[in-house]
Amino acid sequence: MTRLTAHFQVPYPGFTLDAELDVPARGVTVIFGRSGSGKTTLLRCMAGLTRSPSGFFSVGDDVWQDESQGLFRPVHQRAIGLVFQDARLFPHLSVQSNLQYGYRRIAEKERKVDFDHIVSLLEIGPLLDRRPANLSGGEQQRVAIGRALLTSPQLLLMDEPLANLDTARKMEILPYLLKLRAELGLPIVYVSHSLEEIMQLVDTLVLLKEGRVVACDAANRVLQTLPAEERIDPGLAGTLLDTTVVDHDDAFVLTRVRYGDQHLYLPRQNVTPGRPLRLHVLARDISIVVSPATIQTSVLNILEATVLEILEGGGAAHAVDIRLDVGQPVLATITKKSLARLNLKPGQKVYAHIKAVQMVHEIPEF
Ligand SMILES: Nc1ncnc2c1ncn2[C@@H]1O[C@H](COP(=O)(O)OP(=O)(O)OP(=O)(O)O)[C@@H](O)[C@H]1O
């Protein structure tokens, strides 16, 4: 499979980036970490904006930097689209001209995208005659994404593209990013420090801590196997479930989703039946029940599960992580006392209780 392979070392006074990663060149690779962990520096190295003196970077078969061979392609020779926090549109040009600027830079025979397709994908047709100053922050960012895509990049690099927008605007842009991920087949590297923002998008998760990569793998593997001391955020212990919306129960204001051959309920989502919906289930929101008949519960979501693995030392001193198979592995955190009481063993059939109210980050209809 085509991969992005990078190794960068950048020494700054008081901070050194020393990051090595090898990820699939498809879907969305999120670089996640606290402020100052080196996310932007890593992205700038990929772009060729910062030069790592002993760096290496390849995109599939194309080597863009290999300092051991004296090779360094500067930014304008890399087929990348760049999107920053601020849209950086040309203020004196219309939206149409801003978009054309990117498009015309690429010779016709090398164009991999169609102008009208990108305009329609991002729904910016009605904005074409306007100037950037007359656009909302979210609209500006859609145009900036369009301009980047119209350069027919091999790789899209996005540095906190939603960071300057308020929550409502963020949620407005997210569906476009999901469409882009689904429709364009373009690898995206996406820098963020917001867990909520990335959960809908992420395929591969790279965790940066103090300039080093502490995890780099398929998102669910990282969310489930990360040692407690590396969990930058408690939400990093959990599972992403890709479900399909089945129907809505308007009487009880719930949405039913299908997951494998099981069903789950969550608060009413504004998503059309048949559409995919990704849920983020925190490990601490799953409890384990050995027999369904023993208790009556207010929990709506009960999945049949098999104990896969008991991971000592997962969370706090009193807690333990359990990997359960519910059709895919999910992570549950329970107390050590509960583990002793339930006497759980790998292979055991149990039930996973999931609290509906805490299981999803809402996204608007698209
Ligand atoms: N050009 C530079 N010269 C010196 N130090 C720098 C330079 N650029 C970044 N740094 C330092 O490198 C460290 C990492 O910065 P970077 O911007 O990559 O982090 P980040 O994870 O993207 O942070 P944030 O989320 O706040 O944007 C910081 O301590 C920063 O001060």
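Guide: A pocket is an open space with protein on both sides. In this predicted model, the largest pocket holds about 620 Å³ of space.

Visitor: Which lining residues are the closest to the centre of the largest pocket?

Guide: The lining has 26 residues, and those closest to the centre are Ile80, Gly81, Leu82, Arg105 and Thr151.

Visitor: Which elements give two or more residues to that lining?

Guide: Strand 7 (80–83), helix 2 (95–104) and helix 4 (137–149) do. Strand 7 gives the largest share, with 4 residues.

Visitor: How does the lining of the largest pocket divide by class?

Guide: There are 13 nonpolar residues, 6 polar ones and 7 charged ones in the lining of this pocket.

Visitor: How should I read a cavity, and how many of 30 Å³ or more are there?

Guide: A cavity is a space where a probe fits but cannot get out. The structure has 1 cavity of 30 Å³ or more, and the volume of the largest cavity is about 30 Å³.

Visitor: Which residues line the largest cavity?

Guide: Its lining is made up of Val28, Met158, Leu177, Leu180, Ile188, Tyr190 and Leu201. Helix 5 (167–183) and strand 9 (188–192) each contribute at least two residues to the lining. By class, the count is 7 nonpolar, no polar and no charged residues.

Visitor: Now the ligand. Which residues surround the ligand?

Guide: For a shell of this kind, a residue counts if one of its heavy atoms lies within 4 Å of the molecule. Here the ligand is surrounded by Tyr12, Phe15, Arg34, Ser35, Gly36, Ser37, Gly38, Lys39, Thr40, Thr41 and Glu160. Helix 1 (residues 39–47) provides the largest share of this shell, 3 residues. By class, the shell has 2 nonpolar, 6 polar and 3 charged residues.

Visitor: What lies 2.5 Å from an oxygen atom of the ligand?

Guide: Polar contacts are read as pairs of N or O atoms within 3.5 Å. A polar side-chain atom of Thr41 is 2.5 Å from a ligand oxygen atom. For Lys39, an N or O atom of the side chain is 2.8 Å from an oxygen atom of the ligand. With Thr40, a polar backbone atom is 2.8 Å from a ligand oxygen atom. On its own the ligand has 630 Å² of accessible area, and the protein covers 58% of this.

Definitions and conventions. Residues are numbered from 1 along each chain as its sequence is written. This is a predicted model: local features need pLDDT of at least 70, side-chain atom pairs count only at pLDDT 80 or more; totals for chains, interfaces and linings use all residues. Side-chain values use heavy atoms; hydrogens and water are left out. A polar contact is a pair of N or O atoms within 3.5 Å; within protein, one must be able to donate a hydrogen and the other to accept it, and residues adjacent in sequence count only if both atoms are side-chain atoms. Accessible areas come from the Shrake-Rupley method with a 1.4 Å probe; for residues, only the protein chains shown count as cover. Ala, Val, Leu, Ile, Met, Phe, Trp, Tyr, Cys and Pro count as nonpolar, Asp, Glu, Lys and Arg as charged, and the others, Gly among them, as polar. On a 1 Å grid over the protein atoms alone, a cavity is a set of points where a 1.4 Å probe fits but cannot get out, and a pocket is an open set with protein on both sides within 12 Å along at least five of seven lines; lining residues have an atom within 4 Å of a point. Grid points are joined across faces, edges and corners, and a volume is the space filled by probe spheres set on the points.
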